[in-house]
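This report goes through one protein model, part by part.

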Amino acid sequence: MAGTLDLDACAREPIHIPGSIQPHGHLLAIDADSLRLVCASAEAGAVLNRPPTDAFGMPVDQLIDAGSLASLLRGLRAAPAEPVQLDILHLRGGGDFQAIAHRSGDLVILELEELPATGAGTLEALYPQMREGIRRMQAAHDFDALLASTAEEVRALTGFDRVLIYRFDEQWNGTVIAEDGNGRLPSYRGLRFPASDIPQQARRLYALNRLRLIADTRYQPVPILSDRRDAPPLDLTFSVLRSVSPVHLEYMRNMGTPASMSISVMDGDRLWGLISCHNAEPRQVSFAVRTACDLLGQVLSSQMIALERALDADHRIRSKSTQARLLAHMAAAEHFIDGLSEDREDLLALVNADGAAILFDGDCRLIGRTPPQEVVEAIAAELAGQGIKDLFASHQLPLEIPAAAGMDRTASGLLAISISQLHPSYLLWFRPEIVQSIDWAGDPNKPLDSSGRLSPRNSFEAWKETVRGQSLPWRHGEIEAAGDFRNAIVSIVLRKAEEMAALNEELRRSNGELAAFSYSVSHDLRAPFRHVTSYAELLRSRAADKLNERERHYLDSIIEAASSAGRLVDGLLHFSQLGRTTLARVEVDVGRLVEEVRHLLEPDLQGRDVRWTVHPLPNVNGDPTMLRLVVQNLLSNAIKYTRDRAAPEIEVGCRTTADAHEFYVRDNGRGFDMAYAGKLFGVFHRLHREEEFEGIGIGLANVRRIVERHGGRVWAEGRLDHGATFHFSLPRSSAAESR
């Protein structure tokens, strides 16, 4: 048989209209209006007391010789679309049958299935066991425990030798993810079955009819007879006795399972997986037990969905929190790409990536583990060439994007979002290769038998496959988070462009008002703080002998706090004045300026041997008082942050380009983390604790304001405990515009 069956033809087989049933029962098709017999299985004469062909056209209540048929007739008239048990019939001629009915078009399908000798015949008898089983399933707190509990409960109800829970992937391969057995059949836990084992039309039928039983795979099908000529075949989609494909029967025999039962597990309308029950010998279970198992399958579906929704909700909450922090950084940064690249941990954690790249307006920022910049730019170019204007996700990138070939270790997976509607700009997340070993139940690459024709699989021995070039797949929640983040970024980019165009004029007007306001506030606060300091010092000098140690400590704290606040106000006043003062431009000898500042700062060097390296410095056009303040702040910081070095070194130099003189002050001091470089020149931003290094956090803000007013820019480079270099550039033009 294995050499003559064609699986391709099997995949096209209309299995819902086989024209036959399994022999452990009888099928009667009855006209829904008149309740007269229309079709019957060939062996139904055993319950009709006459050949089926002689019974066609007769009312069903005249054909079945049992006790009271009133409840059966009422059930037939109200039969639903899916099978229900109407009654248990005790035939006077002998034998007990479960009467199961469902509606099919203008017919009612009545199936009289032999009642097994063992096992409960009604749901009422099963209720205590079901209730306890459902309670245990609902008590499961995680996915694995829920699956294990379900397999145990189904096996306890049915008495099958082995119960598997089988989950489909996106390609409809199925993996056994839970199992309960008594050892009579081999374990299949962890094995994967190819999609060809359950053809598409079988999966479609499984999604419609959630429960199927094959009591004995060696059965001979019983044909269905009809008195309606030229009528279409009887639709047995919901039949409990429906005969199954001969190919499937041989498949089960090859597996060594003469009896099987399967319960569909649904995720909404989608077939999620199966609960598969197998026995080492023929086995029949009552319809009540099967219905109870169907209920357990539905409980599994609902609990599974609840657990997954809880996980998704938790992931969504964490994702929203991460996204909010990223957006806050972006909103606070002058350029959103700076804010986005600063918060590296959150950027990667948003979608659980190992690396990221931001490509915007010709700039490319690499974060974490990524391919080289030229490869990243080539990948982005291919995405643009494919017209990706929203989102792209792949866990096998080298197969889909040629530019990623050979980048398995850093870019086997890619999640990309477009972050501009005007230009091909992308935010890319990368995942490395995860080498997987998949245990198949037989070699999925050998579907042919010895004759060269497709046949049911006859080998279920574990076959290991190693899969390379793939990353962990992107979860739905991660893709959803990326899509939400894309919408937020695009909104920010568009909004910032619109706001910048609309607010330029308003900002120019407001800047003057804010400068005047800060000047006024700072100026008016100076006197009160000085009074507090003066009177507190006066009190300390006159009443020191009347104060105990704690009271003197309080008084010292007041003086220190007021003095610190006074210095802060002085700094603010100076900062506001820098924005209002007119530049007095002259030619400035920067080399001489550095020497004067070094002499001024000599008291800070008492007892220290600093190695100075001052290179030749050019003259520039600028305000000498303001430029002195720039040099003084930078040299003072270099002296301060090399304080704990045994051999402090400070270097001052300049690199001249076609457009500007780029000065720098380099030291081997405490340094800083480049992740915070964007904060250095902001007001009150400090990267070290105040008790370690004194200061009010305005010095570098003053440097930035002065340099920008001269038409230049400032930036810094550094590493923690490896020193820092502060740069400022000044235009070479002698007529630099003031700002």
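A residue is called buried when its relative accessible area is under 20%, exposed when that area is over 50%, and partly exposed in between. Trp172 has a relative accessible area of 25%, so Trp172 is partly exposed. The model described here is predicted.

**Confidence**

The mean pLDDT of the protein chain is 81, and 82% of its residues reach 70 or more. Residues 1-7 have a pLDDT under 50, and the model gives this stretch 22 contacts beyond four places in sequence. The pLDDT is also below 50 over residues 734-739, a stretch with 14 contacts beyond near neighbours in sequence.

**Two residues with positive phi**

Most residues other than glycine have a negative phi. Asn49 has a phi near 60 degrees, a positive value in a residue other than glycine. Asn49 sits in the loop between helix H2 (45-48) and helix H3 (52-55). With a relative accessible area of 52%, Asn49 is exposed.

Trp172 also has a positive phi, near 70 degrees. The loop that holds Trp172 runs between strand S7 (162-168) and strand S8 (174-181).

**A buried histidine**

His24 is found in the loop between strand S1 (20-21) and strand S2 (25-31). Is His24 buried or exposed? Its relative accessibility is 8%, so His24 counts as buried. Apart from neighbours within four places in sequence, His24 is in contact with Glu113, Glu114, Leu213, Ala215, Leu241 and Gln284.

**Cysteines**

How many disulfides does the model have? The count is zero. A disulfide requires two cysteine sulfur atoms within 2.5 Å. For Cys293, the closest cysteine sulfur belongs to Cys277 and is 6.0 Å away, so the two are too far apart for a bond. Cys293 is buried, at 0% relative accessibility. Cys39 is buried as well, at 5% relative accessibility.

**Salt bridges**

Side chains of opposite charge can pair when their charged atoms come close. The structure holds 30 salt bridges.

| Pair | Closest N and O atoms |
|---|---|
| Asp161 and Arg184 | 3.4 Å |
| Arg184 and Glu281 | 3.6 Å |
| Glu651 and Arg666 | 3.2 Å |

Asp161 and Arg184 form a salt bridge. This pair links distant parts of the chain, 23 residues apart: Asp161 is in the loop between helix H6 (143-158) and S7, while Arg184 is in the loop between S8 and strand S9 (192-193). Asp161 is buried, with a relative accessible area of 4%, whereas Arg184 is partly exposed at 47%.

Arg184 also forms a salt bridge with Glu281. Glu281 lies in the loop between strand S13 (270-279) and helix H9 (287-332), and Arg184 in the loop between S8 and S9, so this pair ties together parts that are 97 residues apart in sequence. Glu281 is partly exposed, at 42% relative accessibility.

Glu651 forms a salt bridge with Arg666. Glu651 belongs to strand S24 (residues 649-656) and Arg666 to strand S25 (residues 660-667), and the pair links parts of the chain 15 residues apart. The relative accessible area of Arg666 is 32%, so Arg666 is partly exposed.

Salt bridges can also join into a network, as they do for Glu132, Arg135, Arg136 and Glu153.

**A sheet of five strands**

Strands S24 and S25 are part of an open sheet of five strands, in the order S22-S24-S25-S27-S26 and with mixed pairing. Which strands stand at the edges? They are strand S22 (611-614) and strand S26 (714-718); each has a single partner strand, so one side of each is left without a neighbour in the sheet. From one strand to the next, the twist averages 15 degrees.

Within this sheet, S25 and strand S27 (residues 724-731) run antiparallel and are joined by eight bridges. Glu662 has Ser729 in S27 as its bridge partner. Helix H17 (residues 590-600) lies across S22, S24 and S25, and runs at about 165 degrees to S22.

Key. Residues numbered from 1 in each chain as written. Predicted model: local features only at pLDDT ≥ 70, side-chain atom pairs only at ≥ 80, totals over all residues. Heavy atoms only, no water. Buried < 20%, exposed > 50% of the residue type's maximum accessible area, 1.4 Å probe, protein only. pLDDT = per-residue confidence, 0-100. Contact = heavy atoms within 4.5 Å. Helix = DSSP H or I, 4+ residues; strand = E, 2+ residues; numbered from the N terminus. Salt bridge = Lys/Arg side-chain N within 4 Å of Asp/Glu carboxyl O. Pairing = 2+ DSSP bridges. Axes fitted to C-alpha atoms, helices over the stretch in contact; angles between N-to-C directions.
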